[in-house]
Amino acid sequence: MRLQDKVAIVTGSGSGLGKAIVKRLAEEGASVVVADINAEAVATVVGELEKAGRTAVGFTVDVRDRSQLKELMATTAGKFGRIDILVNNAGVTRHRPFLTMNDEDWNIVLAVDLKGVFFCVQAVAEYMIKQRYGKIVNISSASGNGGASHATAGSAAGNANYAAAKAGVIQLTKTLATELGPHGINVNSVAPGFILTPMTSTSRTQQEVEEHIEVRKKSTVLKRVGKPEDIANSVLFLVSDEASFISGQLLRVDGGRTDRM
Ligand SMILES: NC(=O)c1ccc[n+]([C@@H]2O[C@H](COP(=O)([O-])OP(=O)(O)OC[C@H]3O[C@@H](n4cnc5c(N)ncnc54)[C@H](O)[C@@H]3O)[C@@H](O)[C@H]2O)c1
């Protein structure tokens, strides 16, 4: 067990990649907190983890709300005595052609996908600093790292808001690694390529999903799209002590995307 006695919080773990990540960390012995805005999804994932014999608690939280995050951290530390791992995974998309993208589309994506990371790390930092130990992984995207625009792959919609937020996550990770490193905290980011999850299928019609899968298969050297477990395994490595000399890095888990600009 690689995470025995560790305590991990995964935001957005009611669905998709977050759910796969929280399950993987729990399998390796971590006590986990399923933190998501969707209360029903939180209860479902906690139930599944408990059924599998894992230690899990749920917390309904909006990563845009500092006071809720403060409570999340205090409750976790109160229950388990420490917080070793934070995975900032919660995210939303509002894909739309740039010329018709409105303030609401822009603001919500920046608020959840970028500012939410800033808020979560500020909320957890005092606990990790006190312990002189912490592992933080921020989920970015191939879209924030030069992957071809959403509009090129089976959809007319653009993703200027999402690409900007996810690029911000990469640079935020580097600055956090610099400022928190002296306190014994590793901060890294993972940029997933295309992985079929509720996020990728609800923003497209079924036909667009199928077209998108074909485009993405062709634009990876491994000729396949990713599985949530591919991302979960990369996060597991980065939060484990096997990665203790790695900080400020971006790990691209994208099948070898050939369309990076
Ligand atoms: N699926 C992909 O291909 C892909 C590729 C690159 C990056 N990503 C990133 O991976 C992460 C997970 O994506 P996914 O595909 O699993 O999406 P998903 O929609 O399946 O899951 C996202 C989760 O975040 C939660 N969430 C949304 N807003 C929240 C908020 N304000 N506070 C707390 N929780 C909130 C949702 O309830 C949901 O459970 C996101 O950051 C996404 O941008 C996904």
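**Exercise 1. Work out how Arg24 and Glu27 are paired and how exposed each one is.**

**Exercise 1. Work out how Arg24 and Glu27 meet.**

Step 1: the side chains of Arg24 and Glu27 form a salt bridge, 2.8 Å from N to O. The term covers a side-chain nitrogen of Lys or Arg within 4 Å of a carboxyl oxygen of Asp or Glu.

A word on the model: it is predicted, so local features need pLDDT of at least 70 and side-chain atom pairs count only at pLDDT 80 or more, while totals for chains, interfaces and linings use all residues. Residues are numbered from 1 along each chain as its sequence is written, and side-chain values use heavy atoms, leaving out hydrogens and water.

Step 2: both residues sit in helix H1 (residues 16-27), 3 residues apart, about one turn of the helix. Helices (H or I, at least four residues) and strands (E, at least two) are DSSP runs, numbered from the N terminus.

Step 3: Arg24 is buried at 19% relative accessible area, while Glu27 is partly exposed at 36%. Buried means under 20%, exposed over 50% and partly exposed in between, with a 1.4 Å probe and protein chains only.

**Exercise 2. Find where the partners Arg2 and Glu242 lie in the chain.**

Step 1: their side chains meet in a salt bridge of 2.9 Å, N to O.

Step 2: Arg2 belongs to the segment before strand S1 (7-11) and Glu242 to the loop between H8 and S7, 240 residues apart.

Step 3: Arg2 is partly exposed at 35%, and Glu242 is exposed at 52%.

**Exercise 3. Describe the largest nonpolar core.**

Step 1: this core has 35 residues, and Ile9 and Leu72 are among those with the most contacts inside it. A nonpolar core is a set of buried Ala, Val, Leu, Ile, Met, Phe, Trp, Tyr and Cys residues joined through side-chain atoms within 4.5 Å.

Step 2: helix H4 (103-131) is one of the elements giving two or more residues, and H4 gives the most, with 12.
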